[in-house]
Amino acid sequence: MLYFSFLSKHLYPLYESLRGRKTHLYYREYLANQHKTPDEIAAIQLQKLKALLHHCQLHVPYYQKSWRELGFDPASVQSVADLNQLPLLTKSLVRQHYDELIASNFRGKNITKTTGGSTGEPFRFEHDRENYDRRQGVAWRGYGWAGYELGDKSLYYWGGAIGRVAKKAALKDKLYNMMLGRNVLNVFYMDKDNIHRFVDEIFSFKPHGIVGYTSPLFEVAQYILEKNIKVPSLGWIISAAEPLYESQREIIEQAFATKVFNTYGCREFTLIGAECSHQQGLHLNTDHLVVEVTDDFGQGTQGIGNMTITDLHNYGMPLIRFVNGDLGKLKQTSCSCDLPFPLLESVEGRKLDKIVTREGKIIPGEFFPRLFREMREVERYQVVQEHLDRIEINIVALPGLDSAAMEHSIQSAVKAVVGQELSVFFHYVDAIALTASGKHRVTISKLDVAS
């Protein structure tokens, strides 16, 4: 508590001011919002939405043109439900109209991000500096619902860099993590021979809690139970980046004797929702986003539908009614806690199979999206494993792809993680078939291996 107070009030604000950031201010704003009423949050959301739409009308060519053709006037919006007058924004549309979606008064000032995407299509987008700071603030608040406090000693089972990292960048990350009380372990290099180190670090680092990708958390939990290890007590475990199934939650909680809290987010928006201590669903950050569940025509549905999201603070490249490729379902009842935010009942369709080797080494589901996210000449990809000693990668290439360089990069990255245990074969195809549910899975494992 003492370090939390010092970090929150003095150290982090000083660091932020030196970097020209305002994350700590936005964090406090979001913390204050969680004590408001649902009606007050709805009013804040509507006010922010109106301001964003007005900005788009003035500065974003794509919306200026499309809204004029629709006859849509942002000034006529009286409720968030009025968004259903607007069409959905897909990744394909963003690619086609990328430059037109950048606000004229933010051009050249934005932060550019790229993601491999859970749908297997590398995707590029932009957001402004304030949005970057706000995302971090709202994420800390969501983690706080699990019990996390800024400055808590936190062990991260997270995806790190693949290959060599410049010394300056590595030192910068290390100092930043030290200030925030974080110890980050790169799960891309976890295998059966070193998994004990991920457990040993709990004893040596003595964290208050653990934040991790779901699959590595599950693998470590299974190892703990198999070896009958009694780990030090933790305050919380936060699962992120991959779906958390109830069967996995049970195993993780059994191994660590600690509650596991689920979160939901994506790279385009960072944290979308998170569980509170009552764990009755994922509270949606509706003072930062508009989250809808819609059918394919953009109309709201009470059943399972498209996760359709509007970031209320991305003025640099506004993504309005953006379909991120996930399927979800809103909960029609409220949580028994005091938080004023509505609930997401479930998220469907984010299936990333893990890749395994004969010797038990594992490539987590997030590995390939991270690897492909900078390869802009790859339109779509899919990794298929039918044998323990090989994987097949299907590639839909765009003009200009240097296939030899790409293959060498991927071969090297896979070798760095699993050594010589996997052969990688590439196939260049015109299209990749969707699943029966209309999704495109990044990785497909056809092995009869226990999950």
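**Sheet, helix packing and salt bridges in the predicted model**

G265 stands opposite L271, a residue of strand 8. The model in which this pairing is found is a predicted one. Strand 8 is joined to strand 7 by four bridges, and the two strands run antiparallel. Both belong to an open sheet of 11 strands, in which the pairing is mixed and the order is 4-3-5-6-7-8-9-13-12-11-10. The edges of this sheet are taken by strand 4 (182-186) and strand 10, each of which has a single partner strand, so that one side of each is left without a neighbour in the sheet. On average, and with direction ignored, neighbouring strands of the sheet are turned by 40° against each other.

Helix 10, which comprises residues 214-226, touches strand 3 (154-158), strand 5 (209-213) and strand 6 (236-240), and its direction makes about 120° with that of strand 5. Helix 11, formed by residues 246-256, likewise packs on the sheet, where it touches strand 5, strand 6 and strand 7, and the direction of helix 11 makes about 130° with that of strand 7.

A contact between helices is found for helix 3 (residues 38-59) and helix 4 (residues 61-70), which pack at an angle of about 95° with their axes 6 Å apart. Because angles of 65 to 115 degrees count as roughly perpendicular, helix 3 is described as roughly perpendicular to helix 4. Helix 3 contributes L53, C56, Q57, L58 and H59 to the contact, while helix 4 contributes P61, Y63, Q64 and W67. By residue class, the contact of helix 3 with helix 4 contains six nonpolar residues, three polar residues and no charged residues.

Charged side chains were examined separately, and the structure holds 14 salt bridges. One of them is formed by E268 and K91, whose closest N and O atoms are 3.8 Å apart. Since E268 lies in the loop between strand 7 (260-266) and strand 8 (270-274), whereas K91 lies in helix 5 (residues 91-96), this pair ties together parts that are 177 residues apart in sequence. E268 counts as buried because its relative accessibility is 5%, and K91, at 10% relative accessibility, counts as buried as well.

A further salt bridge is formed by D287 and R141, with the closest N and O atoms 2.7 Å apart. D287 is placed in the loop between strand 9 (282-284) and strand 10 (289-294) and R141 in helix 7 (residues 129-144), so the pair ties together parts separated by 146 residues in sequence. Both D287 and R141 are buried.

E421 forms a salt bridge with K361, and here the closest N and O atoms are 3.6 Å apart. This pair, too, links distant parts of the chain, 60 residues apart, with E421 in the loop between helix 13 (403-418) and strand 18 (423-428) and K361 in the loop between strand 14 (355-356) and strand 15 (362-363). With a relative accessibility of 21%, E421 counts as partly exposed, whereas K361 is buried, its relative accessible area being 15%; these assignments follow because the cut-off for a buried residue is under 20% relative accessible area. Salt bridges also link E29, K48, E130 and R134 in a network.

Technical notes: Residues are numbered from 1 along each chain as its sequence is written. This is a predicted model: local features need pLDDT of at least 70, side-chain atom pairs count only at pLDDT 80 or more; totals for chains, interfaces and linings use all residues. Side-chain values use heavy atoms; hydrogens and water are left out. A salt bridge is a side-chain nitrogen of Lys or Arg within 4 Å of a carboxyl oxygen of Asp or Glu. Buried means under 20% relative accessible area, exposed over 50%, partly exposed in between (1.4 Å probe, protein chains only). Two strands pair if DSSP finds at least two bridges between them. Axes are lines fitted to C-alpha atoms, for helices over the stretch in contact, and angles run from 0 to 180 degrees between N-to-C directions. Contact means heavy atoms within 4.5 Å. Angles under 35 degrees count as roughly parallel, over 145 as roughly antiparallel, 65 to 115 as roughly perpendicular and the rest as oblique. Ala, Val, Leu, Ile, Met, Phe, Trp, Tyr, Cys and Pro count as nonpolar, Asp, Glu, Lys and Arg as charged, and the others, Gly among them, as polar.
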